[in-house]
Amino acid sequence: MSYQPGRHFLQIPGPTNVPDRVLRAMDRPTIDHRGPDFQALGKRVLSGVRTIFKTSNPVVIYPASGTGAWEAALVNTLSPGDLVLMYETGHFASLWKKLAERLGLKTEFIAGDWRHGADAQAIGERLAADKGHAIKAVCVVHNETSTGCVSSVADVRKAIDAANHPALLMVDTISSLGSIDYRHDEWGVDVTVGGSQKGLMLPPGLSFNALSDKAIEASKSSMLPKSYWAWDEMLPANANGFFPFTPATNLLYGLDAAIEMLHQEGLDNVFARHQRHGAATRAAVAGWGLDVLCAEPAEHSGALTAVLMPDGSGADALRKIILERFDMSLGAGLSKVADKIFRIGHLGDFNDLMLVGTLGGVEMGLRIAGVRHKAGGVEAAMEVLASATEGQAQQAAE
């Protein structure tokens, strides 16, 4: 393969670009994970990561992908044959359901159309009908990475409370943590699942369970088999800054740097930046005369945008052309929407000029591929970005 100058544009919805500051933080000698220097690091990251989940309770860190954290959430709180209520928001909600079933859990899937987030009213109605409280947990994906739809976790919590149901609430924030506003404690979540490779700006390899007191109590009677994932092994060790097994030391160096970066920008500013980039991307899509997959504006994601291809054009052929001509990777459509959409990731360590370059690559790719579209999408996005910049300048001057 011939050399391509410049950097690769990794515009999938994760893993995201890892900033130099995080790479340099990880580029250190590995230390004794039983020694005092590691203990200081462990205490720092175990405390700091709570601020990202917005919780005062423990957050367990595993050397694993988000899939491992899905499993940990279930095996620590549930028993064989327990019924779990899940909502079909897209591909990753479906994978979580499959994993639950392989663990010996029963699942009930509320059908969705892959163009909306979870319907809190439907969840509430099902729980209200469960007079015997057979349902032990409700599992929801906050930001469905396959569709670009965000579910209102606060509304799901309200629906559970209105039904006066004791089910645990578990939420997947793998593609929203550090990108979209999330509040573990305030929204009454029992287990929040996270991953390192998206808004936290790290390589893949760390996953998280943020816990409530109710979840910790449930873990004491859980009967699903567990060893590596067991919270009762992790929590006592974590209290002293250590882990019961060998941790991913150098990734924890990177996590330490990433937490500091998020706080230096300010979490509210981080969320506003992602929302601005989502709005600009959708303006570009509208300018091209195309549609986004997420049909409800209130549920549009700030982390990614899934774009529907017009009839007669395949998304995979477009993505191939853009990769070969411009060295840019875009996200593929998964399962039900395979070859029907492409996904533009705009999360993590990402700024306005990077977005303009990304959208420019897409617009050129649409033209080269012969996809039916209008010109001017990039200009529409630039107008959104420029207006936001002017607004910020006015606020600073006042």
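In the predicted model, arginine 7 lies over the face of phenylalanine 9, at 4.1 Å from the ring centre. A charge is taken to sit over a ring if NZ of Lys or CZ of Arg is within 6 Å of the ring centre and within 35 degrees of the ring normal. The charged end of arginine 28 is likewise placed over a ring, that of tyrosine 253, 4.2 Å from its centre. Because the model is predicted, local features need pLDDT of at least 70 and side-chain atom pairs count only at pLDDT 80 or more, whereas totals for chains, interfaces and linings use all residues. Residues are numbered from 1 along each chain as its sequence is written, and side-chain values use heavy atoms, with hydrogens and water left out.

A search of the whole structure finds nine aromatic pairs (rings of Phe, Tyr and Trp, the last by its six-membered ring, with centres within 6.5 Å; planes under 30 degrees apart are stacked, over 60 edge-to-face and the rest tilted). One of them, phenylalanine 38 with phenylalanine 243, is edge-to-face, at 6.1 Å centre to centre and 65 degrees between the planes. Phenylalanine 38 belongs to helix α2 (residues 36-53) and phenylalanine 243 to the loop between α8 (231-238) and α9 (249-265), so the pair ties together parts 205 residues apart in sequence. Helices are DSSP runs (H or I, at least four residues), numbered from the N terminus. Phenylalanine 38 is buried, with a relative accessible area of 0%, and phenylalanine 243 is buried at 4% (buried: under 20% relative accessible area, 1.4 Å probe, protein chains only).

The rings of tryptophan 70 and tryptophan 96 are stacked, with centres 5.8 Å apart and planes at 10 degrees. This pair links helix α3 (residues 66-75), which holds tryptophan 70, to helix α4 (residues 91-102), which holds tryptophan 96, 26 residues apart. Ring pairs also link Tyr62, Tyr228, Trp229 and Phe245 into a cluster.

Note on methods
Helix = DSSP H or I, 4+ residues; strand = E, 2+ residues; numbered from the N terminus. Buried < 20%, exposed > 50% of the residue type's maximum accessible area, 1.4 Å probe, protein only.
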